[in-house]
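Grab a pencil and work through these exercises with the model on your screen. Try each task yourself, then check your steps against the solution.

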Amino acid sequence: MEKKKYIVYRNDDVNEPVDVFSADTIAECEEWINEQVEGLTPVNEEFPCTDDVMRSSKTFYYEVYEGEMITEIDGVAVYSDLCYSSGYYYKD
């Protein structure tokens, strides 16, 4: 997969974020994300996280960065600036 200017990562706050899509614009990334989460249950007031750790741990969200999420500067790992983040969703 050829990487473009913006990279979308799927993040579940447990495993290492995964590079799942890239595009030339943030708008293309947002459109792709919206297609991916269509029909999924969002984490919100109607469907909140609970004390049931197993259920609440089955959530994820998408993050968009210009380039790689983490770069190395003078031998030090540095997080890039976040360009966009979706809300949390329950995994299907």
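**Exercise 1.** How many helices and how many strands does the secondary structure of the protein chain come to?

*Solution.* Before counting, know what you're looking at: this is a predicted model, where local features need pLDDT of at least 70, side-chain atom pairs count only at pLDDT 80 or more, and totals for chains, interfaces and linings use all residues. Residues are numbered from 1 along each chain as its sequence is written, and side-chain values use heavy atoms, with hydrogens and water left out.

Step 1: Helices (H or I, at least four residues) and strands (E, at least two) are DSSP runs, numbered from the N terminus. Step 2: Count them up, and you get two helices and seven strands. Step 3: Along the sequence, the order reads β-β-α-α-β-β-β-β-β.

**Exercise 2.** Find which residues make up the largest nonpolar core, and which element gives the most to this core.

*Solution.* Step 1: Buried means under 20% relative accessible area, exposed over 50%, and partly exposed in between (1.4 Å probe, protein chains only). Of the 92 residues in the protein chain, 27% are buried. Step 2: A nonpolar core is a set of buried Ala, Val, Leu, Ile, Met, Phe, Trp, Tyr and Cys residues joined through side-chain atoms within 4.5 Å. Step 3: The largest one has 12 residues: Tyr6, Val8, Ala23, Cys29, Trp32, Ile33, Val37, Leu40, Phe60, Tyr62, Val64 and Tyr89. Step 4: β1, α1 and β3 each give two or more residues to this core, and α1 gives the most, with four.

**Exercise 3.** Work out how many salt bridges a search of the whole structure finds, and describe them.

*Solution.* Step 1: Look for a side-chain nitrogen of Lys or Arg within 4 Å of a carboxyl oxygen of Asp or Glu. The search turns up two such salt bridges. Step 2: One joins the side chains of glutamate 66 and lysine 5, at 3.8 Å from N to O. Glutamate 66 sits in strand β3 (residues 59-66) and lysine 5 in the segment before β1 (6-11), so this pair links distant parts of the chain, 61 residues apart. Step 3: Lysine 91 and aspartate 12 form a salt bridge too, at 3.3 Å from N to O. Lysine 91 lies in the segment after β7 (89-90) and aspartate 12 in the loop between β1 and β2 (18-23), so the pair ties together parts 79 residues apart in sequence.

**Exercise 4.** Is aspartate 12 buried or partly exposed?

*Solution.* Step 1: Aspartate 12 has a relative accessibility of 14%. Step 2: That value makes aspartate 12 count as buried.
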